[in-house]
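Student: Hey, can we go through this structure together? I'd like to start with the strands.
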Amino acid sequence: GAGREIEENENNNKETDPDSAYDNQSSSIIRLSNGMVLYLKEVDTMLALVCLTRAENFRKKSLINYNIGCLKKALRALVKPNSDPSNGRTW
């Protein structure tokens with residue numbers, strides 16, 4: 001099987017819960033022996049994204065993080081309450 005070679009954890013700012021070990025920048029990178037990378041990235045306090053990609057594609061980590069940021073923004077727009085009374089909905 002494909003075992004773990006390297007595991008990295010990235011924890012930066014504890015923005016949401018000061019007692020939490022994780023924040024909105026938390027992620028984990030696991031490089032597998034078969035040349036694949038397993039990338040786990042927190043999207044929200046209750047949602048994480050799991051990405052399995054080839055190592056050569058993971059060199060574009062900033063592009064991956066940009067796309068995750070776009071996903072976060074779109075998800076927030078979906079669940080954000082809508083205060084426009086003209087559409088008849090309250091959320």
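Tutor: Helices (H or I, at least four residues) and strands (E, at least two) are DSSP runs, numbered from the N terminus. This is a predicted model, where local features need pLDDT of at least 70, side-chain atom pairs count only at pLDDT 80 or more, and totals for chains, interfaces and linings use all residues. Residues are numbered from 1 along each chain as its sequence is written, and side-chain values use heavy atoms, leaving out hydrogens and water.

Student: OK, where is T53?
Tutor: T53 sits in strand β4.

Student: And is T53 buried or exposed?
Tutor: Buried, with a relative accessible area of 12%. Buried means under 20%, exposed over 50%, and partly exposed in between (1.4 Å probe, protein chains only).

Student: What does T53 touch?
Tutor: Leaving out residues up to four places away in sequence, T53 touches G35, M36, V37 and F58. Contact means heavy atoms within 4.5 Å.

Student: Which strand does β4 pair with?
Tutor: β4 (residues 47-54) pairs with β3 in the antiparallel sense, over eight bridges. To count as a pair, two strands need at least two bridges found by DSSP. L40 stands opposite V50 in β4, and two residues lie between β3 and β4 in their hairpin.

Student: Switching topic: which residues of α2 are buried?
Tutor: I64, I68 and K72.

Student: Why are they on the same side of α2?
Tutor: Because they cover an arc of only 85 degrees around the axis. That arc is taken from the directions from the helix axis to the C-beta atoms.

Student: What covers them?
Tutor: The cover for the buried residues of α2 includes β3, β4 and α1 (55-58). On the other side of α2, S62, Y66, K73 and A77 are exposed.
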